[in-house]
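Work through the following exercises with the sequence and the model at hand. Each task is followed by a solution in steps.

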Amino acid sequence: MASASGPPVLIQQPAKLKARLKEVPSEPGCYLLRDGEDRILYIGKAKLLRNRVRSYFQSGGGHAHSPRIALMVRQVCEIEFIVTDSEAEALALESNLIKHHQPHFNVLLKDDKKYPYLCITWSEAYPRIFITRRRRFRSPLDRFYGPYVDVGLLRRTLAMVKRVFPLRQRPLPLHRDRTCLNYDIGRCPGVCQEKISSEAYHQGLRKVAMVFQGRNDELLELLRAQMERYAERLDFEAAARVRDQLQGLDALTADQKMSLGDSSVSRDVVALVSDGRVAAVQLFQMRAGKLVGRLGFTADAVGADGSALDPGRILQRVVEEHYSQVEPVEIPPELLLQHRLPQQELIGEWLQERRGRRMQLAVPQRQQKAELIELVERNAAYELQRAQRGAEQQHLATEDLAQLLDLAVPPRRIEGFDISHIQGSDAVASQVVFVDGLPAKQHYRRYRIQSSSIRAGHSDDFMAMAEIMRRRFRRWAQAKAEGADLAELRRTADTALHTGGLNDWPDVVMIDGGKGQLSAVMEALRELNLHEDLVVCSLAKQREEVFVPGAKQPLESEADQLGVQLLRRLRDEAHRFAVSYHRQQRGERMKRSRLGDIPGLGPKRVRDLLAHFRSIDAIQLASPEQIAAAPGVGPALARQVWEYFHPPQGAEDAEEGARSEPVE
């Protein structure tokens with residue numbers, strides 16, 4: 001919904017909405033829906049802008065939006081549009097706008113972190129190359145390749161590439177004033193000490209990118225020509241290095257490619273299999289008759305009105321999103337489709353314009369090309385079956401947990417809490433969330449314990465857990481005290497959970513600990529008057545026993561039953577998240593305490609120094625002139641910092657003598 005300080009949403013202003021819809025022209029173009037904070041919620045294209053935008057705000061007539069679209073419409077405060085000359089131009093413009101703004105509701109494909117991507121951070125002076133499951137654009141220049149279905153093959157490929165080509169190996173330098181072992185053995189060109197220019201490093205990395213673009217043959221020809229030029233100049237050492245790269249690439253391509261017939265054409269082949277709810281899509285990348293890549297996508301098979309989507313619409317959605325992200329050189333001259341796209345001619349014109357050369361879209365019906373479609377479809381079926389097996393396993397686990405806790409329906413959102421500290425110092429807590437049996441990291445939270453009675457040398461897990469419960473459910477207790485219907489709020493929370501909203505009522509709350517922790521939590525919930533509304537349990541580590549409020553004995557359960565296994569995964573994840581946060585807080589405290597002893601260094605200058613030098617060890621090794629070059633540090637303060645780490649010899653001797661003086 002719109003924020004309290006922002007303008008009201010359009011559906012609450014019928015007159016303004018009607019006038020705004022009249023201003024939208026009946027021409028092709030793109031429309032942008034914004035919320036009360038001027039953030040873009042959704043970007044779309046249309047052949048007739050007025051009809052498309054009006055459809056979002058129509059009611060009755062049997063038309064019903066999906067929960068996701070309904071949630072979006074309730075937040076729209078402004079409508080913008082950009083008119084184009086044709087629908088093809090609108091398609092290209094929509095692609096560029098979505099890629100630049102990444103609106104929340106433009107989630108065309110399901111991002112379930114199942115398939116990994118390979119990322120190259122082209123925006124950096126010395127780009128990194130790494131595998132990630134989170135496709136987050138920090139800069140429009142960064143590039144994601146994938147998603148890759150075969151994770152093992154992707155890791156082996158990247159490891160081979162890093163052995164063949166000298167690349168940046170670490171996110172941060174290991175040493176400030178010298179290179180590490182990777183430079184000595186030829187695995188890194190020495191980017192930390194700038195032993196290679198940024199332009200030369202980019203040029204070398206472009207060769208690496210060709211491997212993940214399916215352009216291995218082009219790369220091999222390029223390297224062979226380069227080796228011959230080095231040999232003609234009698235630069236045999238450089239020629240030998242290129243020869244080694246060629247041999248490594250030959251081993252890589254022999255390991256990852258499968259030969260198919262018809263080696264004259266490069267093409268992509270796309271097919272899907274759907275169970276009515278979810279569609280598994282496979283995209284095979286064939287270059288010169290060889291399979292060089294297999295990408296996988298998972299898409300919703302249900303439309304905005306709740307009806308099943310036509311397979312052609314799902315394929316068009318995949319084609320639009322995938323080819324809007326790739327570079328033009330990666331678009332093949334032929335795209336084979338399992339089903340005809342609703343706007344196939346338009347998509348063909350758009351792809352041809354992006355590629356800069358002729359491109360053909362075809363739906364083969366016979367002979368070899370049809371067999372390729374069957375091959376891709378068969379692989380998509382296997383991926384769908386694997387996804388269904390995983391979903392079935394999670395569903396059985398939630399059903400078993402519902403029986404164990406005597407719930408009417410299987411829980412969707414389960415929250416786990418844990419405490420981490422060392423004898424009360426740096427005490428923190430974690431809140432992790434599982435949705436449908438799987439981690440939902442976007443809902444994780446972490447807390448710093450605020451109670452003054454929990455400090456170094458004095459710990460109280462019961463008090464800490466009670467504090468976290470009060471802070472976690474304070475808003476819900478306030479809503480109940482104001483007369484809100486919690487049943488309606490819980491229903492809203494469930495709807496928001498389906499649509500990616502931020503409402504956060506849990507079906508089950510799990511505490512890491514035994515009866516003592518559970519009693520402390522229930523006492524805190526009684527203070528909030530929520531003890532009868534929440535389902536709470538605890539899991540004791542020693543025997544994996546499950547306790548519920550009011551019961552002296554643990555529930556009858558087995559450690560290996562699915563419901564208990566789900567609670568154990570939740571408990572282990574809460575423990576991991578709490579420990580990692582505790583270590584972070586402890587490390588920051590240790591850094592602050594050491595530099596904080598230096599007169600004249602406040603918190604801001606400490607942060608600036610650490611940001612400049614990366615570590616305290618680097619500050620200790622720096623000269624006064626180097627310290628003075630840091631932001632906000634002048635020569636006088638730099639001398640104080642340097643003298644703190646390098647006290648005069650006499651002072652050290654005096655200090656040592658004081659320490660060694662016998663006690664009478």
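**Exercise 1. Count the aromatic pairs and describe the one formed by tyrosine 42 and tyrosine 56.**

Step 1. Rings of Phe, Tyr and Trp (its six-membered ring) pair if their centres lie within 6.5 Å; planes under 30 degrees apart are stacked, over 60 edge-to-face, and the rest tilted. This rule gives eight aromatic pairs. The model is predicted: local features need pLDDT of at least 70 and side-chain atom pairs pLDDT 80 or more, while totals for chains, interfaces and linings use all residues. Residues are numbered from 1 along each chain as its sequence is written, and side-chain values use heavy atoms, without hydrogens and water.

Step 2. For tyrosine 42 and tyrosine 56 the centres are 6.3 Å apart and the planes make 65°, which is edge-to-face.

Step 3. Tyrosine 42 belongs to strand E2 (residues 40-46) and tyrosine 56 to helix H2 (residues 49-56), 14 residues apart. Helices (H or I, at least four residues) and strands (E, at least two) are DSSP runs numbered from the N terminus.

Step 4. Both tyrosine 42 and tyrosine 56 are buried. Buried means under 20% relative accessible area, exposed over 50%, and partly exposed in between (1.4 Å probe, protein chains only).

Step 5. Ring pairs join Tyr42 and Tyr56 with Tyr31 in a cluster.

**Exercise 2. Give the strand order and the edges of the open sheet of three strands.**

Step 1. The order is E5-E4-E6, with antiparallel pairing. Two strands pair if DSSP finds at least two bridges between them.

Step 2. Strands E5 (129-132) and E6 (143-145) are the edges, each pairing on one side only.

Step 3. E4 (residues 117-120) and E6 share three bridges; isoleucine 120 has arginine 143 in E6 as its bridge partner.
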